[in-house]
Amino acid sequence: MKIAVGSDHGGVELKKEIKKYLVTEGHEVKDFGTNSTESCDYPDYALPVAEAVVAKEFDFGILICGTGIGIGIAANKVPGVRAALCSDTFSAHATREHNDANILTLGQRVVGPGLALDIVKTFLNTEFQGERHQNRIDKITEIEKKYYK
């Protein structure tokens, strides 16, 4: 798989661990930054990852900030993005199976590296179930069309 990753300063250390795991598993990874713990703004990293995922340049995106909240809010402003904040494996499984989430967001200050890697594994290895869930995704797309002109 091709995975786009990005973080602000609050997620850079966890991003390093996740990148190492992804490469070990044979995934192609592109890091959209940041690579510093110097304060920066998460929208600057959420946007290029979100745009690349929507453009189908990558299969999935993973975004990390201190809590995973802000970077996910920013990514979800891009039509076609379904970014989901997950702090447990059940949510990671459910958001792929039911919501066809295409970007995972994590909080470095919320989950440790061991749990984060389990969440990433679950997210990447769970297929979208489709069927009745597709109707809900279609409704989300209609909301985007209504407000993003």
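Which side chain of opposite charge is nearest to Glu97, and how many Å away is it? In this predicted model, the nearest such side chain is that of Arg132, at 7.4 Å. Glu97 is buried and has no salt bridge; the cut-off for a salt bridge is 4 Å between a side-chain nitrogen of Lys or Arg and a carboxyl oxygen of Asp or Glu. Glu97 belongs to helix α4. With residues up to four places away in sequence set aside, its contacts are Thr126, Glu127, Phe128, Gln129, Gly130 and His133. The side chain of Glu97 also makes a polar contact of 3.4 Å with the side chain of His98.

His98 lies in helix α4, which covers residues 89-99. His98 is partly exposed, its relative accessible area being 30%. Beyond four places in sequence, His98 is in contact with Phe128, Gln129, His133 and Ile137.

An unreviewed UniProt entry lists His98 under "active site", together with Cys65. The two listed positions span 34 residues in sequence, and their C-alpha atoms are 24.4 Å apart, so they do not gather at one spot. Cys65 is located in strand β3. With a relative accessible area of 4%, Cys65 is buried, whereas His98 is partly exposed. Apart from residues within four places in sequence, Cys65 touches Asp8, Gly10, Gly11, Gly70, Ile71, Leu106, Gly107 and Gln108.

Leu106, one of the residues touched by Cys65, is also part of the largest nonpolar core. This core has 22 residues, and those with the most contacts inside it are Ile18, Leu22, Ile62, Leu104, Leu106 and Val120. At least two residues of the core come from each of β1 (2-7), α1 (12-24), β3 (60-65), β5 (103-107) and α5 (113-125). Helix α5 contributes the most, with six residues. In soluble globular proteins, nonpolar side chains tend to be buried together.

How values were computed
Residues are numbered from 1 along each chain as its sequence is written. This is a predicted model: local features need pLDDT of at least 70, side-chain atom pairs count only at pLDDT 80 or more; totals for chains, interfaces and linings use all residues. Side-chain values use heavy atoms; hydrogens and water are left out. A nonpolar core is a set of buried Ala, Val, Leu, Ile, Met, Phe, Trp, Tyr and Cys residues joined through side-chain atoms within 4.5 Å. Buried means under 20% relative accessible area, exposed over 50%, partly exposed in between (1.4 Å probe, protein chains only). Helices (H or I, at least four residues) and strands (E, at least two) are DSSP runs, numbered from the N terminus. UniProt positions are given in the numbering used here, feature names are shortened, and annotations may be inferred rather than shown by experiment. Contact means heavy atoms within 4.5 Å. Lys and Arg count as positive and Asp and Glu as negative; His and the chain ends are not counted. A polar contact is a pair of N or O atoms within 3.5 Å; within protein, one must be able to donate a hydrogen and the other to accept it, and residues adjacent in sequence count only if both atoms are side-chain atoms.
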